[in-house]
Amino acid sequence: MDPRLAAIVSLGAFVALALVFWLLLGRARGATKRLAYRVFLFSLALGIVALGRAYGLFARASLPFDLALATTIILVVIGNLYAVRFCSRCGRMHRNFKATACSRCGDPLPRHGFTEEPRRAPLDPTDPLGRRKRTLPKK
Ligand SMILES: [Zn+2]
């Protein structure tokens, strides 16, 4: 095994770990961290597939298996991109989808991971269907 390869792999692992910690705790604009998270997730998925290809995992795989694997990877990446939200103001990562405000700065969180729009109105917690809170008409 080439000794340079071990150095490159360990440097790549260090950079990936530093990126994960920055995504979790660092302070930056939400849009910046959202873009970095997208690039990180797609490159991680591509890296896993490239590693599998380098070890000959797909040498005798059939086309349906390849399609099923590609569909699964794409769905997992899209699901993560949807569920993970970043505060637009301070950039803190939130994976709790029920939270409506940032735990660090209190700013309203985006509706989901693909937008910066906050939720419109708080939902009524006593309504089992989760409809918007109704206000009584003024007389
Ligand atoms: Zn925040």
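The expected span of a helix is taken as 1.5 Å times one less than its number of residues, and helices (H or I, at least four residues) and strands (E, at least two) are DSSP runs, numbered from the N terminus. The model shown is predicted, so local features need pLDDT of at least 70 and side-chain atom pairs count only at pLDDT 80 or more, whereas totals for chains, interfaces and linings use all residues. Residues are numbered from 1 along each chain as its sequence is written.

**View 1. The chain as a whole.** The chain holds three helices and two strands, arranged along the sequence in the pattern α-α-α-β-β. Of its 139 residues, 9% are buried, where buried denotes 20 or more other C-beta atoms within 10 Å of the residue's own, exposed 12 or fewer, and partly exposed anything in between, with C-beta atoms placed from the backbone. Among contacts between residues at least 6 apart in sequence, 38% join residues at least 24 apart, a contact being a pair of residues whose C-beta atoms, placed from the backbone, lie within 7 Å.

**View 2. Helix α2 and its surroundings.** Helix α2 comprises 25 residues, 30-54, and should therefore span 36 Å, which agrees with the 35 Å between its end C-alpha atoms. Its buried residues are G30, K33 and R34, and these pack against α1 (3-25) and β1 (85-86). After α2 comes G56, whose phi is positive, near 75°.

**View 3. The packing of α2 with α3.** Helix α3 (residues 63-83) packs with α2 at an angle of about 160°, the two axes lying 11 Å apart; axes are lines fitted to C-alpha atoms, for helices over the stretch in contact, and angles run from 0 to 180 degrees between N-to-C directions. The two helices are therefore roughly antiparallel to each other, a label given to angles over 145 degrees, while those under 35 count as roughly parallel, 65 to 115 as roughly perpendicular and the rest as oblique. From α2, the residues R38, L41, F42 and A45 meet I73, V77, N80 and L81 of α3. By class, this contact has six nonpolar, one polar and one charged residues, where Ala, Val, Leu, Ile, Met, Phe, Trp, Tyr, Cys and Pro count as nonpolar, Asp, Glu, Lys and Arg as charged, and the others, Gly among them, as polar.

**View 4. The setting of C105.** C105 lies in the segment after β2 (93-94) and is partly exposed, because 13 other C-beta atoms are within 10 Å. Leaving aside neighbours within four places in sequence, C105 is in contact with C87, R89 and C90. R92 and C105, 13 residues apart in sequence, are 8.8 Å apart in space, C-alpha to C-alpha.

Methods. Two residues are in contact if their C-beta atoms, placed from the backbone, lie within 7 Å.
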